[in-house]
Amino acid sequence: MEILELKAEKRTAKGSKAIRKLRSAGQIPAVLYGHKQDNVMLCLQEHAFTHVLHTGARMVRLTVDNKKESALIKEVQYDNIADRVIHIDFSRIDLDEKVRLRVPIELVGESIGVKEGGMLTHVMKDMEIECLPTAIPEKIKVNISELGMGKVIHVKEIPAMKGIQYLSDAESVIASIHQIVEEKAVSEEEILAEPEIITKKPKEGEEAAESVEKT
Amino acid sequence: MRLMPKRVKFRKSQRQKIKGNATRCNTVAFGEFGLQSLEPGWITAQQLEAGRVSASHYLPREGKLTIRVFPHKPVTSKPIETRMGKGKGEPEFWVAVVKPGTILYELSGINEEIARQTFNRIAHKMPVKVRFVQRRKTV
């Protein structure tokens with residue numbers, strides 16, 4: 001995977017008010033941490049980071065005060081309504097040290113089960129792996145062309161990739177193919193049904209009847 | 001399909017205000033595409049069902065629709081031509097309380113163009129403004 005350059009500046013602004021000003025000026029607050037060094041508060045240009053994000057890059061070479069550092073994009077926080085990035089976590093990495101991260105899974109090929117009229121369910125969209133920063137794959141391709149009706153594909157069935165260790169549970173299901181079930185018509189009883197009330201107290205008459213039954 | 005809880009603690013509930021934005025259920029989690037609410041509001045079980053039916057009529061067989069909200073809240077009303085007082089009315093229908101940002105429906109197994117057209121049909125059945133969203137990239 002390509003390692004992209006990203007310029008960042010050190011920031012002293014802290015707190016919601018100052019950060020709001022920063023964001024309105026087209027910048028994103030970020031933090032760089034790890035490797036037993038001090039945390040550094042950063043800010044970077046929003047458009048530069050979104051460009052990096054769209055390329056699918058997971059590693060960047062950060063330039064902070066003319067000093068270059070390799071970092072992994074650890075977490076990206078979003079404002080889900082304004083649909084923009086609001087904060088980024090960068091983790092310092094050594095290029096000779098293995099890193100853990102989640103990588104998307106892509107299903108490749110048209111399965112036999114789908115051709116027969118089944119429905120494909122992509123259960124696991126990404127998985128955790130461990131590898132060297134230089135060997136991070138963009139995505140893990142899983143071939144499902146031989147997956148028949150009623151069959152599932154597990155993590156243990158993915159062919160091993162050189163220098164990559166799969167950390168997700170080996171028995172976890174990645175995708176499955178099942179028959180399409182037709183919807184049942186709703187009966188009139190179901191339409192008129194009322195939910196059961198679990199805090200309902202029994203009436204006096206019912207209570208007495210119950211006590212008689214017990215004795 | 002009738003959307004309604006099976007068991008409840010109380011038959012009736014107070015109306016309450018809908019404050020703030022959604023802090024949960026606000027990202028596409030099960031499919032590739034989603035329909036996100038942009039306004040606060042109540043979506044009735046009937047409206048949710050109407051959305052589901054309009055989607056199922058349009059979707060190809062391989063498309064899978066997930067409804068992300070559930071009508072947990074009972075809404076009561078008094079019979080017509082009744083004088084005020086004499087207690088709260090009887091439960092009439094069930095609603096899902098929706099905040100801005102909530103994902104209402106999700107789609108998987110189809111391409112973007114069909115997903116957009118399907119959500120456009122569902123949007124006509126919704127009492128709130130909605131928009132099309134996509135799953136975010138894994139980081």
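Modeller: In chain A, three strands form an open sheet in the order 8-13-11, with antiparallel pairing; strands here are DSSP runs (E, at least two residues), helices are runs of H or I of at least four residues, both numbered from the N terminus, and two strands pair if DSSP finds at least two bridges between them. This is a predicted model, in which local features need pLDDT of at least 70 and side-chain atom pairs count only at pLDDT 80 or more, while totals for chains, interfaces and linings use all residues. Residues are numbered from 1 along each chain as written, chains are lettered from A in the order written, and side-chain values use heavy atoms, leaving out hydrogens and water.

Biologist: Which strands stand at the edges of that sheet?

Modeller: Strand 8 and strand 11 (152-154) of chain A do, and each has a single partner strand, so one side of each is left without a neighbour in the sheet.

Biologist: And how many bridges join strand 8 and strand 13 of chain A?

Modeller: Four bridges, in the antiparallel sense, with strand 13 covering residues 173-178; within this pairing A:H122 stands opposite A:A175.

Biologist: OK, new topic: how many residues does each chain bring to the contact?

Modeller: Chain A brings 33 residues and chain B brings 31, where contact means heavy atoms within 4.5 Å. The buried area, which is the accessible area (1.4 Å probe) that the two parts lose on being put together, summed over both, is about 2800 Å², and carbon and sulfur atoms give 52% of it. On the chain A side, A:N80, A:I81 and A:K125 lose the most area to chain B, together 23% of what that side buries.

Biologist: How many salt bridges are there between chain A and chain B?

Modeller: There are three, counting a side-chain nitrogen of Lys or Arg within 4 Å of a carboxyl oxygen of Asp or Glu. One of them links A:E196 with B:R7, whose closest N and O atoms are 3.6 Å apart.
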